[in-house]
Amino acid sequence: MDIGIEEVVQLTDPFDVVVIGAGPGGYAAALYGAAAGLNIALVEKATVGGTCLNRGCIPAKELLEAAAVHRAVASAAEFGIVTSAPSVDAARLFARKTEVVDKLVGGVSGLLKNRKVTVLEGTARLGPDHVVAVTGGDGSTTDVVGTNVILAAGSVPRTIPGFEIDGGVVLTSDDVFELDHLPDRVVIIGGGVIGCEFASMLCDLGADVTLLEALPGLLLAADPDVVRPLQRSLAKRGVKISTGVRVNGHTPGTTGTTVHVEGGDDIETDMVIVATGRRPMSDDLVDASTGVVVDGHGFVEVDDHCRTAADGVYAVGDVIATPGLAHIGFAEAMLVVKQILGERAVPIDYSGVPWCVYTQPEVAWAGLTEQAAKDAGYDVVVSKHPWGGTSRALIIGETEGTVKVVAQKRPDGSPGRILGVHLSGPWVTEQLGAGYFSVNWEATVDDVASLIQPHPTLSENFGETVLALTGRGLHT
Ligand code: NAD
């Protein structure tokens with residue numbers, strides 16, 4: 001364990017908070033708590049930044065941006081810009097990803113240091129009386145005590161039978177970020193967020209992609225009206241998509257492998273990416289005598305304030321059964337720190353949180369889908385608009401996708417509260433803010449329709465879609 005003599009003395013005193021795990025949930029708790037003057041120890045067994053910075057959001061978005069650059073160069077002639085056909089320099093591609101990751105990891109480490117958070121390297125386990133045993137790489141164990149403890153141990157990729165991960169031919173998302181080459185042919189198992197983002201990125205970078213999903217559709221949590229344009233676009237770009245299929249293992253060959261699809265043709269491929277979800281990393285995290293309850297799926301059980309059953313022990317991020325998103329980890333971390341500080345802490349309304357998928361076209365939403373709103377008993381009115389009539393979308397040459405607004409229908413038939421905003425199209429992950437605020441501030445259609453959208457911008461499409469619900473559109 002890399003700690004000096006002074007720090008050892010300090011470890012005998014209790015910290016205000018001991019945080020286990022330095023991913024978005026854990027490092028956010030440490031930074032936010034330290035900014036308020038709390039004395040914090042943060043224990044991490046791998047690299048500060050967790051999944052998001054090292055093996056998730058950040059490297060994935062960086063590689064997706066490389067794919068966007070490839071698309072831009074490939075379509076340059078349409079704008080009258082003459083280039084040669086783009087090709088991929090995989091070494092540089094992955095090197096840039098690493099540079100961006102390293103810079104951000106360094107940034108978080110710097111913030112922790114500036115706020116005087118004590119960062120301990122090792123694997124932590126919570127025992128009785130808030131004692132956290134930290135075992136370092138050399139096998140030595142140090143106990144640290146926190147008046148409060150926050151469990152933020154994160155998650156790992158979930159795998160499926162018949163596809164043992166070898167990191168070369170059969171990979172999880174973790175392994176993809178360690179590659180130094182791109183596959184010519186790839187089978188992706190799982191059509192959720194990771195599967196769709198990898199399919200979009202790899203097809204744009206020239207791979208022959210097959211996407212296999214067990215359920216009847218891709219991105220099933222999203223409104224189907226905004227997923228359809230993504231599915232169409234992937235298919236147009238050559239991705240072979242099969243939904244409602246089961247895979248029955250694979251037979252390795254001399255180079256790649258052959259994936260067996262139940263009731264379907266075998267698929268020869270160079271690489272298989274298993275993107276079938278993630279599971280909480282709670283193995284051996286807490287002693288049963290602490291009172292903390294871990295459910296049958298491995299999630300640490302918490303109430304709506306992220307409190308576990310043990311007094312003064314909280315859990316945030318992927319280790320609890322809330323949406324596995326970095327920004328949810330941030331929000332949960334702040335919720336917990338406020339409680340520790342004795343401040344008012346309002347539980348998170350998980351039905352309104354922002355979701356962003358960085359495919360081409362992007363998909364983003366907040367609030368209820370049309371079906372979820374109906375299931376919740378709302379009478380709804382819906383407005384949908386494509387991008388073809390939005391000047392900025394035509395200018396940038398990206399008109400795939402739809403903007404959809406779901407609003408409550410009042411008894412007199414007029415549109416009331418905006419219940420859900422669902423977007424697919426250019427830069428919609430950056431545009432979701434307006435929709436997120438509308439849903440969470442419980443804005444009505446009239447509230448939003450009276451606001452001005454700058455022209456020409458992509459954000460006009462959201463404004464026009466809401467305006468149309470008043471019965472009088474402008475450009476629609
Ligand atoms: P997911 O739950 O979004 O999708 C997994 C998919 O795999 C599901 O659609 C499931 O039906 C399918 N599946 C499961 N077993 C299968 C099988 N045997 N054959 C075929 N399909 C199978 O999980 P994910 O895409 O792996 O993402 C993991 C986590 O990471 C999620 O919590 C996700 O929200 C998060 N994440 C978020 C983003 C983002 O917000 N942009 C990006 C990446 C990951």
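Contact is taken throughout to mean heavy atoms within 4.5 Å. The structure is a predicted model, in which local features need pLDDT of at least 70 and side-chain atom pairs count only at pLDDT 80 or more, whereas totals for chains, interfaces and linings use all residues. Residues are numbered from 1 along each chain as its sequence is written, and side-chain values use heavy atoms, with hydrogens and water left out.

The overall fold was examined at the outset. Secondary structure was assigned from DSSP runs, with helices (H or I) of at least four residues and strands (E) of at least two, numbered from the N terminus. On this basis the protein contains 14 helices and 22 strands. Its radius of gyration is 24 Å, close to the 23 Å that the globule rule gives for 476 residues, so the protein is as compact as a globular protein of that length. The radius is taken over C-alpha atoms, and the globule rule is 2.2 Å times the number of residues to the power 0.38. Along the principal axes, the C-alpha atoms fill a box of roughly 70 × 65 × 45 Å.

Burial was classified by relative accessible area, with buried meaning under 20%, exposed over 50% and partly exposed in between (1.4 Å probe, protein chains only). Of the 476 residues, 50% count as buried. Of the contacts between residues at least 6 apart in sequence, 63% join residues at least 24 apart. The accessible surface amounts to about 21800 Å², and 53% of this area belongs to carbon and sulfur atoms. These areas come from the Shrake-Rupley method with a 1.4 Å probe; for residues, only the protein chains shown count as cover.

There are 33 positive and 59 negative side chains in the protein, and the centres of the two sets lie 6 Å apart. Here Lys and Arg count as positive and Asp and Glu as negative, while His and the chain ends are not counted. Each charge is placed at NZ of Lys, CZ of Arg, CG of Asp or CD of Glu.

With a disulfide defined as a pair of cysteine sulfur atoms within 2.5 Å, the count comes to zero. Cys57 is in no disulfide, the nearest cysteine sulfur being that of Cys52 at 3.2 Å. Cys57 is partly exposed, with a relative accessible area of 28%. For Cys203, the closest cysteine sulfur is that of Cys196 at a distance of 11 Å, which is too far for a bond. Cys203 is buried, at 10% relative accessibility.

Thr359 is situated in the loop between β18 (355–357) and β19 (362–367) and is buried, with a relative accessible area of 2%. The loop between β18 and β19 also holds Pro361. The peptide bond from Gln360 to Pro361 is cis, with omega near -10°. Both Gln360 and Pro361 are touched by Ser233, as is Glu400, when residues up to four places away in sequence are not counted. Ser233 belongs to helix α8 (residues 224–236) and is buried, at a relative accessible area of 1%. Between Ser233 and Pro454, which are 221 residues apart along the chain, the C-alpha separation is 28 Å.

A cis peptide bond also joins His455 and Pro456, with omega about -5°. Pro456 is placed in the loop between α13 (445–449) and α14 (460–469).

His130 counts as buried at 17% relative accessibility, whereas Asp129 counts as exposed at 68%. Asp129 has a positive phi of about 60° although it is not a glycine. Not counting residues up to four places away in sequence, His130 touches Val144, Val145, Gly146, Thr147, Asn148, Val149, Asp311, Gly312 and Val313. His130 and Ala310 are 180 residues apart in sequence, and their C-alpha atoms are 9.4 Å apart in space.

A positive phi is also found at Leu219, where the angle is about 40° although the residue is not a glycine. Leu219 is located in the loop between β10 (208–213) and α8. Its relative accessibility is 6%, and Leu219 thus counts as buried.
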